[in-house]
Amino acid sequence: MGAERGRFRFGLAATVVAVALGLTVSACGGSSSGTAAGGSGPVTIRFMSYNYGTPCCGAGTQQLIDEFEKANPDIRIRPEAVAAADVLTKLRTEIAAGSSPDVVQLGWSKAGEARATLPLVPVQDIPTTTEWQTGIDGIYPNILKAVRNGTTGKVDIMPFSVSVPILYYNADIFRAAGLDPDRPPTTLAEVKTAASAITRTGKQGVYVAVADSGKSDYLTQSVMNSTGGGAVNASGAVTVDSPRSIAGLNAIRDLVVSGLQPKVSATDAQAAFAGGKIGMMVYTTAAMSAFEKSAKGTFDLRTTAFPSFDGSKARPTYSGAGLAVFGKDRRRQQAAWKFIRFLTSPQGFTILTKTIGYLPLRPAIVSDPAYLGTYFQQNRHLLPSLSQLNDVTPYTYFPGNHANQAVVALQDEAVTPIVLQGADAASALRATATKIRSLAR
């Protein structure tokens, strides 16, 4: 999803505050501002987040920070905004300058390259074994398994802001098109039929947001998976140009060339759907809060699960991010673990779900009235994605040290031309696959 570009200020003001608190700022070793190792005063940790400061997610992120600081007065969080597409670039720059942030909200599409090229501190190594087990107890086992480092077997990046793509639809537009909003489409063929009926009323039919503005391929992978293809196979070979992967992107291209999907960016489509101009949109649940606010008093917003393709079972993968630790100071690592544990606690996931729309990764809190039980009784929009979370397909990474560069190539040089200009899917994907394979050498 689109994110705002943050500004980062490191200067006299921060130094004065550090001195006033009796803190030591290290000039080397990849450390960041806060109490030096072995200190006993308050500690400040830096949190780089692509949700912080944004219209859709900023308030919820700030609430998480505020609640944590209230419960942990000896730890202060210094949040810093960065665009989702720019996280790796910013992170590399700061690490090279010897001032890495302590905790980073790292998109899954960026995680593979970060693991391979940056000095990430495995989050599982920070707490004791008992503390770690207590911290993860109750989180979906399949999600923890999906995000483990394939080489070490450890959870080196903690799953946090996770979304499964969902189909949003405007029930008022459905009624105007003679469609039954109580029977939403469950397959891509039914999506196409509904979109055709909607366009006859003068509205735009559907938008499947595979051309993601955050340079993520979670929806591209979801489409390819659901037609029996995928980005990478079990042996690690690049398969974006396999016949089944091509078929997935061709299915979306068909919506475009037939006039059922507008040739606009995902950001523009999001605004159009919120404005009641598009009947359906397949997108991240992270847009839930924004869509709910836009629809309130304006139109009847509803949701249904990510559709299946070609009669096969839907196989969506997850989007969003995990929490990665990069600070080298042991005391700040401990503070970072406390922050991460809170963000992924029942209280943390309750705030994250209510304020933004990310999925709660602790199933027990969904029906617990102390957390989300009452919320889900009144608001059922996230339930379709929750129903698919147990069967979610793991996100797959391109091989080599340039995995994110490969994702950007896939999105910019194949997916975007296919869905915005109607380019031939086979030609675009084959050319891009050749480039991706060369990046892995």
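In this predicted model, helices α2 and α14 are roughly antiparallel to each other, because their axes cross at roughly 160°, an angle over the 145 degrees that marks this class. The two axes come within 9 Å, and the crossing is right-handed. Helix α2 spans residues 58-71, and helix α14 covers residues 346-355. On the α2 side, the contact is made by Gly 60, Gln 63, Leu 64 and Glu 67. Their partners in α14 are Gln 347, Gly 348, Ile 351, Leu 352 and Thr 355.

From α17, the contact draws on Gln 405, Ala 406, Ala 409, Leu 410, Glu 413, Ala 414 and Ile 418. Across from them in α18 lie Ala 425, Ala 428, Leu 429, Thr 432, Lys 435, Ile 436 and Leu 439. Here the contact residues divide into ten nonpolar, two polar and two charged.

Ser 289 belongs to α12, which runs over residues 288-295, and the side chain of Ser 289 reaches the backbone oxygen of Thr 355 at 3.2 Å. Setting aside residues up to four places away in sequence, Ser 289 touches Thr 355 and Ile 356. With a relative accessibility of 8%, Ser 289 counts as buried, because the cut-off for burial is under 20%.

Helix α4, residues 108-117, is mostly covered, with eight of its ten residues buried. The buried set consists of Trp 108, Ser 109, Lys 110, Ala 111, Gly 112, Glu 113, Ala 114 and Arg 115. Among the elements that cover these residues are the helices α3 (87-96), α6 (141-147) and α17 (403-421). The strands β3 (103-107), β4 (158-163) and β9 (319-325) also contribute to the cover.

The side chain of Arg 46 is joined to that of Glu 94 by a polar contact of 2.2 Å.

Val 366 lies in the loop between α14 and α15 (373-378) and is buried, at a relative accessible area of 19%. Apart from neighbours within four places in sequence, Val 366 is in contact with Pro 360, Leu 372, Gly 373, Phe 376 and Leu 386. Its C-alpha atom is separated by 24 Å from that of Ala 295, a residue 71 places away along the chain. Lys 215, for its part, is located in the loop between β6 (204-208) and α9 (218-226). Although Lys 215 is not a glycine, it has a positive phi of about 60°. This residue is partly exposed, with a relative accessible area of 26%.

Definitions and conventions:
Residues numbered from 1 in each chain as written. Predicted model: local features only at pLDDT ≥ 70, side-chain atom pairs only at ≥ 80, totals over all residues. Heavy atoms only, no water. Axes fitted to C-alpha atoms, helices over the stretch in contact; angles between N-to-C directions. Helix = DSSP H or I, 4+ residues; strand = E, 2+ residues; numbered from the N terminus. Parallel < 35°, antiparallel > 145°, perpendicular 65-115°, else oblique. Left-handed = near helix turned anticlockwise from the far one by under 90°. Contact = heavy atoms within 4.5 Å. Polar contact = N/O pair within 3.5 Å; in protein donor to acceptor, adjacent residues only side chain to side chain. Buried < 20%, exposed > 50% of the residue type's maximum accessible area, 1.4 Å probe, protein only. Nonpolar A, V, L, I, M, F, W, Y, C, P; charged D, E, K, R; others polar.
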